[in-house]
Amino acid sequence: METEIKRQLAPKKATPVALHPKMTMAQAFRRIAGNCLDQIQANEEGVRHLDAESLHQMRVGVRRFRALLDLFSPLLAPPSDLEQHLEWLAGEFGPARDWDVLAHVTAPRVTETSAVALPLVAAAQKRAETHHSRLAQLLQEARYAGCMQELHTWLLGETWAQDGGGIWARKARKEMLPLLNNATRRLRKRARKWEEADAQARHRVRMAAKKARYAIEFFADLLPERQVKASSRLLADLQESLGRLNDAAVADGLLVDLCARDATAGEAASFVRGYLCAEAGRADRGLGKLVKKAASLRIG
């Protein structure tokens with residue numbers, strides 16, 4: 001019994017999407033969307049038990065579903081309330097994840113250098129726990145149940161297949177290519193302006209890299225294996241490096257918030273902010289090669 005409970009509460013990462021060459025675009029879309037929804041719902045129990053990694057994986061599931069809708073936007077137009085549901089979920093998950101990263105990843109890196117940051121770890125953990133409790137309650141509410149029901153109803157009802165002309169009945173192996181090209185073209189365009197980009201523009205590079213990676217993973221079974229491995233590795237490395245810069249930027253804002261609520265946190269927060277600023281500078285210098293490769297990435 002105990003083993004079964006642990007299995008149910010264990011974080012569930014995204015499983016590979018199983019596609020085969022004879023699938024139509026409609027069949028492929030249903031399969032990919034169902035895979036995203038499965039990841040979201042498989043982590044519900046862990047989130048109810050305040051598990052940080054389950055929350056992260058549930059959030060990833062929501063991001064993947066939103067990325068899928070963005071990828072297929074030339075072919076379908078989801079109801080506005082459905083997109084609002086997903087935006088609402090993403091907004092609810094964000095703060096808890098941000099505080100988790102500060103408490104368990106960012107601040108602990110600084111404590112390896114100086115014990116000054118230790119009080120901030122405890123303070124960030126306390127804030128994270130507050131958000132986790134809120135999310136555990138949210139999953140019991142009617143709004144969440146209605147959100148998931150609407151997503152499933154929309155997917156199974158297939159009203160989305162009325163758009164896009166006859167493309168939905170054609171083979172996904174061929175019709176996926178324009179969608180993948182759109183995703184990689186957006187990344188190339190943003191990556192080529194890296195040197196002149198401000199913080200917001202660089203954030204858009206990170207988002208484009210993430211969406212391109214999801215797109216390739218969605219259709220991995222229909223692409224050359226070597227190409228999938230090489231592009232996925234590149235995008236994962238780029239996403240991780242950009243993610244650390246983003247974590248530092250987010251942490252800076254959270255530390256300002258902590259100081260506003262607790263005047264005694266000022267010295268520790270100033271030290272951590274300075275450390276992260278210096279770390280971000282070092283990371284930024286090493287990004288050039290990855291961004292240059294991303295600026296030439298092509299699929300198909």
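The following paragraphs describe the fold, the surface and selected residues of a predicted model. Residues are numbered from 1 along each chain as its sequence is written, and side-chain values use heavy atoms, with hydrogens and water left out. Local features were considered at pLDDT of at least 70 and side-chain atom pairs at pLDDT 80 or more, whereas totals for chains, interfaces and linings use all residues.

The protein chain contains 12 helices and zero strands, where helices (H or I, at least four residues) and strands (E, at least two) are DSSP runs numbered from the N terminus. The order of elements from the N terminus is accordingly α-α-α-α-α-α-α-α-α-α-α-α. The C-alpha trace spans about 65 × 50 × 35 Å along its principal axes. Of the contacts in the protein chain with a separation of 6 or more, 79% are between residues 24 or more positions apart, a contact being heavy atoms within 4.5 Å.

Burial was assigned from relative accessible area (buried under 20%, exposed over 50%, partly exposed in between; 1.4 Å probe, protein chains only). By this criterion, 44% of the 300 residues in the protein chain are buried. The chain exposes about 15200 Å², of which carbon and sulfur atoms supply 52%; accessible areas come from the Shrake-Rupley method with a 1.4 Å probe, and for residues only the protein chains shown count as cover. There are 47 positive and 36 negative side chains, and the centres of the two sets lie 8 Å apart. In this count Lys and Arg are positive and Asp and Glu negative, while His and the chain ends are not counted; the place of a charge is NZ of Lys, CZ of Arg, CG of Asp or CD of Glu.

A disulfide is a covalent bond between the sulfur atoms of two cysteines. With a disulfide taken as a pair of cysteine sulfur atoms within 2.5 Å, the count comes to zero. Cys 147 is in no disulfide, and the nearest cysteine sulfur, that of Cys 36, is 14 Å away. Cys 147 is buried, at a relative accessible area of 0%, whereas Cys 259 is partly exposed at 26%.

Apart from residues up to four places away in sequence, Asn 35 touches Thr 15, Pro 16, Val 17 and Arg 64. Ser 232, in helix α10 (residues 225-261), is likewise buried, with a relative accessible area of 15%. With neighbours within four places in sequence left aside, the contacts of Ser 232 are Arg 213, Ile 216 and Glu 217.

Val 121 lies in helix α6 (residues 118-138) and, not counting residues up to four places away in sequence, touches Ala 103, Ala 107, Pro 108 and Thr 111. Val 121 and Gln 162 are 41 residues apart in sequence, with a C-alpha to C-alpha distance of 51 Å. Ser 114 is found in the loop between α5 (80-111) and α6 and is buried, at 15% relative accessible area. Asn 181, in helix α8, is partly exposed with a relative accessible area of 27%. Between Asn 181 and Arg 66, which are 115 residues apart in sequence, the C-alpha to C-alpha distance is 18 Å.

Most residues other than glycine have a negative phi. Leu 50, by contrast, has a positive phi near 65 degrees. Leu 50 is placed in the loop between α3 (44-48) and α4 (52-71) and is partly exposed, with a relative accessible area of 42%. Glu 158 also has a positive phi, near 60 degrees. The position of Glu 158 is in the loop between α7 (142-157) and α8 (172-191), and Glu 158 is partly exposed at 28% relative accessible area.
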